[in-house]
Amino acid sequence: IATQFEGYAWDSKTRKLTLDYVSRGRLGTVKSQILSGSGMKIADLVRGDALASINASPAAAGTFYATSWAFRHFLDRSPDVRVRPLADEYIRKMDAGEFGRGGNLGPAALDPVEQVFGSDLTWLQETYEAFIREVK
């Protein structure tokens, strides 16, 4: 969630900060990985061990944070008619704490993303990657 606040542009000449919600560094990382076919999969992001990903190496941590930012940006901004209502539901429930604490879900519980979008995330992965390819 913290990565959603990274997108801004600073103009040192005018000393003006503009929020555009596009994290340029994160976008470059994710976009190049998606274009090369090596991007982190949403299924791995939501089903994996975040702490293990972050602690694996600086590169793995960068990929994890970049993918987290990109996925949240996608959820916030995707105009896709299949994604929009589900993304709105997911964000509303997440913000309201309706999914409970991550550690209390138990091994058989679906991740909150899977609870809303379904356990087969292939279609969401494809839509996400197409969206990220177009972000400027």
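Leaving aside neighbours within four places in sequence, L124 is in contact with I42, F71, F74, V83, V113 and F117, where contact means heavy atoms within 4.5 Å. The model is predicted, so local features need pLDDT of at least 70 and side-chain atom pairs count only at pLDDT 80 or more, while totals for chains, interfaces and linings use all residues. Residues are numbered from 1 along each chain as its sequence is written, and side-chain values use heavy atoms, with hydrogens and water left out.

L124 is also among the residues with the most contacts inside the largest nonpolar core, together with F71, F117, Y128 and I132. This core has 30 residues. A nonpolar core here is a set of buried Ala, Val, Leu, Ile, Met, Phe, Trp, Tyr and Cys residues joined through side-chain atoms within 4.5 Å; buried means under 20% relative accessible area (1.4 Å probe, protein chains only). Elements giving two or more residues to the core include α1 (24–36), α5 (83–96) and α7 (122–134), and α4 gives the most, with 7 residues. Helices are DSSP runs of H or I, at least four residues, numbered from the N terminus.

The structure holds 8 aromatic pairs, counted when ring centres of Phe, Tyr or Trp (its six-membered ring) lie within 6.5 Å. The F71 and Y128 rings have centres 6.1 Å apart and planes at 75 degrees, so this pair is edge-to-face (over 60 degrees). Because F71 lies in helix α4 and Y128 in helix α7, the pair ties together parts 57 residues apart in sequence. Both F71 and Y128 are buried.

Definitions and conventions:
Buried < 20%, exposed > 50% of the residue type's maximum accessible area, 1.4 Å probe, protein only. Phe/Tyr/Trp six-rings, centres within 6.5 Å; stacked < 30°, edge-to-face > 60°.
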